[in-house]
Each structure stands twice: as structure tokens, then as C-alpha cells.
Amino acid sequence: MSLYRVGAAAADAGGLVRIPFMLPTLCAGFPSPAEDFIEGALELPRWLVPNPPATFIWRVRGWCMKGAGIHDEDLAVVDRSLSPSSGAVVVAVVGGEMSLKRLVMTGNRLSLTFDNPEMDEEFALEDLEEGLLWGVLLFSVRWHHVKARASLVR
């Protein structure tokens, strides 16, 4: 049996790339007061990040996307160069705050929704005072060991 090492594969596929780790946290619920933006950077294997200059990492706060498998404290890796399509999980500016939502097209109407059956609010893009689609979620990262998460992300 051979062991597959992600680090070794990353080096073979073009090395590591530094991706900005954004602050404030990405709201996965109702927006909260904003903070300043860049906290640092994380290095990811190049093969995971098709467009490094347009890719950013956000820490998720809240549970509105748990139906999509995105939980409180996860990391969301977001690409600004991708075009959003119906069904995509997107980062959007809702009420002046960065927020993670599902983009849904019903007929000719685009809206942002929670992906949590306990939260049924929907935001029609045309009804938002400031509705901007900022980027598309590539993938999320979740630590399953709480102490490891605390030491690496705080």
C-alpha cells in the first residue's frame, strides 16, 4: 500500500500559492458589523486554486448554509473570476456586509437564499439596496479536531 501525500502532489503540480485570508468573517446568517479586510494568507496547493490572483479565503460565521455542508468556523475559498450561475453558493454584499448565500433563478428573477430549512428568508437582487455578487465559492474547509482549528486559524 502506498501513501498519497497532498504536499508532494502539490509540489509536482506547480507548488504552493499564497491566498489572502480575509477579515471580517463571512456572514452565513444575518449580517453583523464589519471589520477591516486582510488578516494574512494561507498557502494552498496550486492545483486547488485555478486563479490565485482572484481567490480569497474567508472564515464562515453562522449556520445559514448548513444545507450546503458549510458550517460555522469553516473556511470558504472564493474565486472572484468565476461567473455565478443559478444554484451556486456565492459571496454577496447584502446590506453593506459580506454574506454567503445560495444564488437562485426563478423565472427571470435572481435571488439570494439561505441553505438551511430553519431559515426561509429570500433576498431578491432587484429589491436589495446594495446587492453585489462578489465571488463564487470554490470549496470549503472544515477542521474536525477543535484544538487543531483553534491553533491554526486564530
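Author: Phe-56, Trp-58 and Trp-134 form a cluster linked by ring pairs. The model is predicted: local features need pLDDT of at least 70, side-chain atom pairs 80 or more, while totals for chains, interfaces and linings use all residues. Residues are numbered from 1 along each chain as its sequence is written, and side-chain values use heavy atoms, without hydrogens or water.

Reader: Why is the pair of Trp-58 and Trp-134 called edge-to-face?

Author: Rings of Phe, Tyr and Trp (its six-membered ring) pair if their centres lie within 6.5 Å; planes under 30 degrees apart are stacked, over 60 edge-to-face, the rest tilted. By this rule there are three aromatic pairs. Here the centres are 5.5 Å apart and the planes stand at 85°, so the pair is edge-to-face. Trp-58 lies in strand β3 and Trp-134 in strand β9, so the pair ties together parts 76 residues apart in sequence.

Reader: What makes Trp-58 count as buried?

Author: Buried means under 20% relative accessible area, exposed over 50%, partly exposed in between (1.4 Å probe, protein chains only). Trp-58 has 0% relative accessibility, so Trp-58 is buried.

Reader: How do you know whether Pro-45 is buried or exposed?

Author: Its relative accessible area is 11%, so Pro-45 is buried. Pro-45 and Leu-16 are 29 residues apart in sequence, yet 4.5 Å apart in space, C-alpha to C-alpha.

Note on methods: Helix = DSSP H or I, 4+ residues; strand = E, 2+ residues; numbered from the N terminus.
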